[in-house]
Amino acid sequence: MFSFFKRFKGSKESDNAPEESPEGLAPEPAAGAPTVPAAVPAPAPRPAAPPVSVVAPQPAAKPLASEPEVEEPALETAEIVPPPMQDEGAKRSWLTRLKTGLSKTSSSLTGIFVGTKIDEDLYEELETALLMSDAGVEATEFLLESLREKVRAERLTDPQQVKMALRTLLIDLLKPLEKSLMLGRAQPLVMMIAGVNGAGKTTSIGKLAKHLQSFDQSVLLAAGDTFRAAAREQLAIWGERNKVTVVSQESGDPAAVIFDAVGAARARKIDVMMADTAGRLPTQLHLMEELRKVKRVIGKAQDGAPHEVLLVIDANTGQNALAQVKAFDDALGLTGLIVTKLDGTAKGGILAAIARQRPIPVYFIGVGEKVEDLQPFSAEEFSDALLGG
């Protein structure tokens, strides 16, 4: 479960600005191996913006001023091994926290299979429990219909056998959401993070930065949330904790802040640049248009960027979270999700609804406030926690 970060295995690109492997991750190239140098294109001109400030804990940080174009070797490809801290003890601890976090959802499901018969009453109780967990009508009907067929085909007679059959069906439903976050496709790898206020977006960025550092990735953060009070300060605190640079400005266009951050990340040869964006309600169309503008500006700052467009959603909001996924995906073209606040929620079935209606990869799930409480999503682990396995 903990080795979900993988380096991109693909051909080297010579059309775009070539990039360099993160230090210590890629194998040394063979002697005499050819490289494809190319000049880094200068950022496109843009209107003047307010002065940019940089919260940089590193005393020797390079300035944001433009630097001469240099030639860089092409990226090497390699698999990233799990960091040493991800041992069996840490894994067991995570599974325990996940089961505890989903206990409110699982309690309503697991009790159905205790001391009962396999009859219509069981299916009706299961339907109610799935709907109450916010699995949604479509996913609930799909699971129940598939379960009935499986019970008939395999001639299951014990309620626990039916429970295990449901576990198998749930894993199959959630498996398309289980996908690795690919590193090393570009330098910097630009990630645009969106989400409504209160979903845990800025906190998730701080936790994710720590995760990336455990894979020897250098990180730079852009405080593009100029809309919410104290958002810059909150991100700056995470920057200090993780000892990473935060690019910000007191006021002005968030797109301009992120544009500058991309340029700074390229100049410093940063591996990953994450851009915090202002919380937006999907019903506020003019605000969603601002997010589309940010995405366009990122593309002007670096060809092919943003490489990841992630949405942070609060599991407690249930079907509203599904509506957010649809709206943000339509507006931005999401590449992945981070699902937070699964601890203590009775709405853990929302992932089944997402899998059935808008199967966007769930890169991470969160079950607490600590850094280690944000972990890669596993369909099997999640299903076991949901069904009390």
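Among contacts in the protein between residues at least 6 apart in sequence, 81% join residues at least 24 apart. The model examined here is a predicted one, and its secondary structure comes to 12 helices and 13 strands. Of the 389 residues of the protein, 51% count as buried, while the accessible surface comes to about 17300 Å², with 53% of that area belonging to carbon and sulfur atoms.

In soluble globular proteins, nonpolar side chains tend to be buried together. In the present model, the largest nonpolar core has 105 residues, and those with the most contacts inside this core are Met273 and Met274. Helix α8, which covers residues 254–267, supplies the largest share of this core, namely 8 residues. When neighbours within four places in sequence are left aside, Met274 is in contact with Met191, Ile205, Leu208, Ala209, Leu212, Val219, Leu220, Leu221 and Ala222.

Among these partners of Met274 are Ile205, Leu208, Ala209 and Leu212, each of which is also listed among the buried residues of helix α6. This helix covers residues 201–214, and at 1.5 Å a residue its 14 residues should span 20 Å, a value that agrees with the 20 Å separating its end C-alpha atoms. Because 12 of the 14 residues of α6 are buried, the helix is largely enclosed by the rest of the structure. The buried residues of α6 include, besides those named above, Lys201, Thr202, Thr203, Ser204, Gly206, Lys207, His211 and Ser214. The helix is followed by Asp216, whose phi is positive, near 60°.

Within helix α6, Leu208 has a relative accessibility of 1% and therefore counts as buried, the cut-off being under 20%. With neighbours up to four places away in sequence set aside, Leu208 is in contact with Met191, Met274, Leu310, Ile338, Phe364 and Leu374.

Not counting residues up to four places away in sequence, Ser106 touches Ala385, Leu386, Leu387 and Gly388.

How values were computed. Residues numbered from 1 in each chain as written. Predicted model: local features only at pLDDT ≥ 70, side-chain atom pairs only at ≥ 80, totals over all residues. Heavy atoms only, no water. Core = buried A, V, L, I, M, F, W, Y, C linked by side-chain atoms within 4.5 Å. Buried < 20%, exposed > 50% of the residue type's maximum accessible area, 1.4 Å probe, protein only. Helix = DSSP H or I, 4+ residues; strand = E, 2+ residues; numbered from the N terminus. Contact = heavy atoms within 4.5 Å. Areas by Shrake-Rupley, 256 points an atom, 1.4 Å probe, with all protein chains shown as cover. Expected span 1.5 Å × (residues − 1).
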